[in-house]
Amino acid sequence: MNPHLHNLTQLNQLQQVVAIGGGHGLGRLMSSLGFLKERLTGIVTTTDNGGSTGRIRLQHGGIAWGDLRNCINQIITEPSTASALFEYRFSGNGDLAGHNLGNLMLKALEDMKIRPLEGVNLIRTLLRVRCHLIPMSETPVHLGAKLHSGATVVGEVNIDKLTELPKRLFLIPQVSATPEAVSALQQAELILLGPGSFLTSIMPPLLLPEIAQALQSTAAKIMFIDNLGVEHSPAATLSLAQRIDWIEKTIGQKLNNKSAVDGIITYPEAHYQDLLHKTIVAEKLNDDDIIYRHNRTLLCKSIDKLLAKLQ
């Protein structure tokens with residue numbers, strides 16, 4: 001264990017931490033908090049329709065496995081032949097070109113009528129991943145956006161390509177949340193939102209009524225972790241305060257009439273002057289090699305510091 005992680009007095013006391021999001025952002029956060037092992041649960045967005053995942057969904061239907069696969073891959077602590085196999089991507093020009101074997105393995109389990117969560121658990125066991133990962137829903141679902149003109153845009157890829165910020169987001173169809181995701185939120189002591197693509201990774205799980213309700217009734221502290229780079233999507237036009245506003249309007253108030261987001265982790269240059277009523281930790285969080293990626297140790301220390309401030 002990293003010696004720095006022994007000093008995380010707040011985090012080390014927690015029995016149930018839940019992180020919500022998708023893809024690279026959630027994977028980075030969960031790999032940072034991997035020392036929590038079984039005490040950490042990720043609720044993963046399943047609306048992806050791009051790349052290998054999009055092709056599989058277009059041709060064979062099913063839920064989007066890409067973000068789950070990405071998270072599993074980033075959490076693996078002991079690289080092995082099994083983990084290399086899971087991440088293998090076919091090259092060349094044939095039908096398999098560009099497909100990721102992990103996506104195909106998860107899709108095969110789904111086709112075998114194995115419950116998606118059980119399929120994920122099987123892969124977790126195979127790859128010795130101890131943190132829990134739960135798809136936000138086990139029913140196929142796409143992300144939709146309503147524009148100010150009244151037009152509707154369907155699919156994450158198309159929403160990310162928009163040149164204007166949509167009026168609102170919704171799910172097509174309106175599916176149910178995975179029961180274990182709701183249960184994890186009900187037992188959580190800390191809930192983390194972000195980092196990641198705001199409209200297409202962080203927001204989709206919040207559009208599930210059962211998840212919004214669980215976030216309203218939770219006694220847990222809810223933290224938002226800001227991105228370190230500017231997004232290549234319409235979300236780039238949203239200030240930090242506007243993103244918090246989107247989240248809080250989607251979730252609603254906590255039942256004790258408090259706002260949904262208790263604390264925010266951001267970087268020193270961020271514009272958070274409109275959010276001084278919130279508890280904020282603004283610190284250098286960049287990794288030295290890739291500046292828009294969070295340094296795992298610095299991120300853990302910031303979460304621990306914010307937890308102490310929120311007590």
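Colleague: Quick one to start: is Phe198 buried or exposed?

Modeller: Buried, because its relative accessibility is 0%. Bear in mind that this is a predicted model.

Colleague: Noted. What is Phe198 in contact with, beyond its neighbours within four places in sequence?

Modeller: The contacts are Met203, Phe224, Glu231, Ala235, Leu238, Arg243, Trp246 and Ile247. Phe198 also belongs to the largest nonpolar core, which has 50 residues. Along with Ile20, Leu169, Leu185, Leu215, Phe224 and Ile247, Phe198 touches the most other members of that core.

Colleague: Which element gives that core its largest share?

Modeller: Helix α12, with 6 residues. Another core lies apart from this one and holds 44 residues, including Phe35, Leu40, Leu127 and Leu192.

Colleague: Back to rings, then. How many aromatic pairs are there?

Modeller: The count comes to 2. One of them joins Tyr88 and Phe90, edge-to-face, with 5.1 Å centre to centre and 85° between the planes.

Colleague: Nice. Change of topic: what is the strand order in the open sheet?

Modeller: The order is β3-β2-β1-β7-β8-β9-β10, 7 strands with parallel pairing.

Colleague: Which strands stand at the edges?

Modeller: β3 (132-135) and β10 (279-282). Each has a single partner strand, so one side of each has no neighbour in the sheet. On average, neighbouring strands here are turned by 20° against each other, direction ignored.

Colleague: How many bridges link β1 and β2?

Modeller: There are 5, in the parallel sense, between β1 (residues 17-21) and β2 (residues 40-44). Across that pairing, Ile20 stands opposite Ile43 in β2.

Colleague: Which strands does helix α12 lie across?

Modeller: Helix α12 (residues 240-251) lies across β7 (190-193), β8 (221-225) and β9 (263-266), and runs at about 140° to β8. Helix α13 (residues 296-310) lies across β7, β8, β9 and β10, at about 155° to β10.

Colleague: I was also looking at Thr41. Where does it lie?

Modeller: Thr41 lies in strand β2, and it counts as buried because its relative accessibility is 3%.

Colleague: What does Thr41 touch, leaving out residues up to four places away in sequence?

Modeller: Gln16, Val17, Val18, Ala19, Met30, His132, Ile134 and Ala184. Thr41 and Leu133 are 92 residues apart in sequence, while their C-alpha atoms are 5.7 Å apart.

Colleague: Last topic, helix α3. Which of its residues are buried?

Modeller: Helix α3 (residues 51-60) has Ser52, Thr53, Gly54, Ile56 and Arg57 buried. Their cover includes α4 (66-75), α6 (101-111) and β4 (142-146).

Colleague: And what follows α3?

Modeller: Gly61, with a positive phi near 70°.

How values were computed. Residues numbered from 1 in each chain as written. Predicted model: local features only at pLDDT ≥ 70, side-chain atom pairs only at ≥ 80, totals over all residues. Heavy atoms only, no water. Pairing = 2+ DSSP bridges. Helix = DSSP H or I, 4+ residues; strand = E, 2+ residues; numbered from the N terminus. Axes fitted to C-alpha atoms, helices over the stretch in contact; angles between N-to-C directions. Contact = heavy atoms within 4.5 Å. Buried < 20%, exposed > 50% of the residue type's maximum accessible area, 1.4 Å probe, protein only. Core = buried A, V, L, I, M, F, W, Y, C linked by side-chain atoms within 4.5 Å. Phe/Tyr/Trp six-rings, centres within 6.5 Å; stacked < 30°, edge-to-face > 60°.
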